[in-house]
Amino acid sequence: MNNPLIYSTTPRTGNPETQRWQELDAAHHLHPFSDAASLNAEGSRVITKGEGIYLYDSEGNKILDGMSGLWCVNVGYGRKELADAAYKQIQDLAFYNTFFKTTHPPVAELSELVTKVAPAGFNHIFYTNSGSEGNDTVIRMVRHYWSCLGQPQKKVIIARDNAYHGSTIGGASLGGMDYMHEQGDLPIPGIAHIEQPYWYANGGDLSPEEYGIKAARELEKKILEIGVENVAAFIGEPIQGAGGIIIPPSTYWPEIQRICGHYGILLVADEVICGFGRTGEWFGSDYYGIKPHLMTIAKGLSSGYMPIGGVLVHDSIADVIKDNGDFNHGFTYSGHPVACAVAAENIRILQRENIIPRMKNEVMPYAHQRWHDAFDDHPLVDDVRSLGYFFAITLVKDKASRTRFENGDALALQCRDVCFNNNLIMRATHDSMISAPPLIMTRKQVDEFVDLAYRCVDQFYHQIK
Ligand SMILES: Cc1ncc(COP(=O)(O)O)c(C=O)c1O
């Protein structure tokens with residue numbers, strides 16, 4: 001077929017539209033987090049349809065989506081109920097704001113649904129369009145909270161290296177990605193970072209449990225360095241997603257909780273990835289027994305069918321915000337009726353189909369076993385890890401000495417391409433290959449997913465050996 005742009009190793013069926021879409025895309029679309037020159041030279045793969053855990057491209061290839069889109073399509077693609085909810089809401093009321101003494105049924109209904117599945121004491125939600133805006137809202141809300149309590153100097157928010165909290169100026173500042181900070185003079189003032197709880201990389205001779213305490217105590221050190229009178233909050237993802245599925249040692253979160261409580265600083269859980277079932281519980285905070293004051297949510301809230309995010313606010317914070325006049329913050333589309341109607345139906349699907357406990361009990365243990373059986377002894381990989389519907393491996397030079405490749409990031413990107421060309425979507429983060437499939441993956445599909453992932457990684461191993 002005469003198509004110089006499409007992936008050379010991807011099977012083709014010869015859709016004449018593919019090249020046109022690729023050319024339009026290359027000519028006019030600036031992609032997020034992409035090197036435009038190399039992407040356009042290669043040509044974007046054109047995704048045209050989704051069904052269950054699979055995507056289809058414009059050439060008719062069926063692709064197993066091991067990333068749930070971008071960690072979001074928890075209930076899988078092609079849900080008619082969600083299409084119907086959007087269709088009905090657009091006809092009833094496509095848009096109205098909630099700024100000036102008005103509300104509408106979908107936002108009221110969704111707020112009740114979400115606060116009912118949230119941990120005890122979370123009875124309020126502030127809406128945004130995305131996780132990044134949720135974390136910007138966190139920055140504004142915690143600073144406003146302390147001002148309301150007469151401590152306006154309590155501004156600093158402590159976050160972690162290699163964390164991902166979004167790509168707005170606030171979100172990227174909270175994040176600990178150097179390559180993002182390099183562009184645009186970030187972080188903004190008033191944000192500090194501490195070590196991430198990554199035992200495999202940083203634990204040395206300590207046991208994971210010992211290291212978990214050590215990593216958490218970095219928070220205490222930082223609070224004392226900055227002065228507790230200046231520290232507003234600590235923020236962390238229960239499990240770091242975009243940073244490479246970093247699963248903290250079991251001792252980490254209890255110690256963080258103790259430190260936040262001891263110094264009286266707010267604890268913010270960024271649940272944008274962990275929320276809505278990814279860990280086998282409704283929230284990552286439920287999984288770890290974390291008791292946060294604020295929880296950022298997005299992605300799984302609507303399973304990615306509509307852009308919507310927000311901040312779940314504990315009563316102890318909401319009471320202060322509600323008692324102190326205007327909170328001068330919001331977005332035109334905060335609580336957008338169509339997004340809320342779709343998100344509400346998404347929550348009802350999770351409840352109706354009992355997806356979270358069913359997957360936790362019936363599929364996740366099987367998936368973890370299969371993942372470990374496949375990869376534990378593979379010579380190219382180490383730190384084989386899984387939790388809920390998170391799966392990851394690290395590409396290593398030598399397992400026994402935990403020696404990583406100097407060019408591990410580049411190798412993982414090549415490995416990702418091998419997966420992609422074999423119609424499996426996994427993501428490369430640093431030298432790890434990571435996956436977070438839709439929560440509806442059955443045991444049979446787990447077999448398909450693990451077998452395919454193994455074949456791709458093994459194929460890559462033989463290429464580079
Ligand atoms: C933990 C976490 N927080 C925030 C965000 C930002 O969300 P969004 O891309 O919707 O702005 C992400 C996105 O991946 C995330 O993983």
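In which sense do β1 and strand β2 pair, and over how many bridges? The two strands pair in the antiparallel sense, over four bridges. The legends below describe close-up views of a predicted model.

**View 1. The pairing of β1 with β2.** Strand β2 covers residues 54–57, and its pairing with β1 is antiparallel. Strands of a sheet pair through backbone hydrogen bonds, and the pairing may be parallel or antiparallel.

**View 2. The open sheet of four strands.** The order of the strands in this open sheet is β1-β2-β3-β14, and the pairing is mixed. At the edges are β1, residues 47–51, and β14, residues 424–425. Each of these edge strands pairs on one side only.

**View 3. The shell around the ligand.** Twelve positions are shown around the ligand: Ser130, Gly131, Ser132, Asn135, Tyr164, His165, Gly166, Glu237, Asp270, Val272, Ile273 and Lys299. By class, three residues of the shell are nonpolar, six are polar and three are charged. Helix α6, which runs over residues 131–148, gives the most to this shell, with three residues.

**View 4. Polar atoms at the ligand.** Which atom of the ligand lies 2.5 Å from a polar side-chain atom of serine 132? An oxygen atom of the ligand is at that distance from serine 132. In the side chain of aspartate 270, an N or O atom is 2.7 Å from a nitrogen atom of the ligand. For tyrosine 164 the polar atom belongs to the backbone, and a nitrogen atom of the ligand is 3.5 Å from it. On its own the ligand has 390 Å² of accessible area, of which the protein covers 83%.

View 5. How many disulfides does a search of the whole structure find? The search finds zero. A disulfide is a covalent bond between the sulfur atoms of two cysteines. For cysteine 340, which is in no disulfide, the nearest cysteine sulfur is that of cysteine 72, 17 Å away. Is cysteine 340 buried or exposed? Cysteine 340 is buried, with a relative accessible area of 0%. Cysteine 415 is also in no disulfide, and the nearest cysteine sulfur, from cysteine 419, is 4.7 Å away. The cut-off for a disulfide is a pair of sulfur atoms within 2.5 Å. Cysteine 415 too counts as buried, at 0% relative accessibility.

Note on methods. Residues are numbered from 1 along each chain as its sequence is written. This is a predicted model: local features need pLDDT of at least 70, side-chain atom pairs count only at pLDDT 80 or more; totals for chains, interfaces and linings use all residues. Side-chain values use heavy atoms; hydrogens and water are left out. Two strands pair if DSSP finds at least two bridges between them. A residue is near a molecule or strand if one of its heavy atoms lies within 4 Å of it. A polar contact is a pair of N or O atoms within 3.5 Å; within protein, one must be able to donate a hydrogen and the other to accept it, and residues adjacent in sequence count only if both atoms are side-chain atoms. Accessible areas come from the Shrake-Rupley method with a 1.4 Å probe; for residues, only the protein chains shown count as cover. Ala, Val, Leu, Ile, Met, Phe, Trp, Tyr, Cys and Pro count as nonpolar, Asp, Glu, Lys and Arg as charged, and the others, Gly among them, as polar. Buried means under 20% relative accessible area, exposed over 50%, partly exposed in between (1.4 Å probe, protein chains only).
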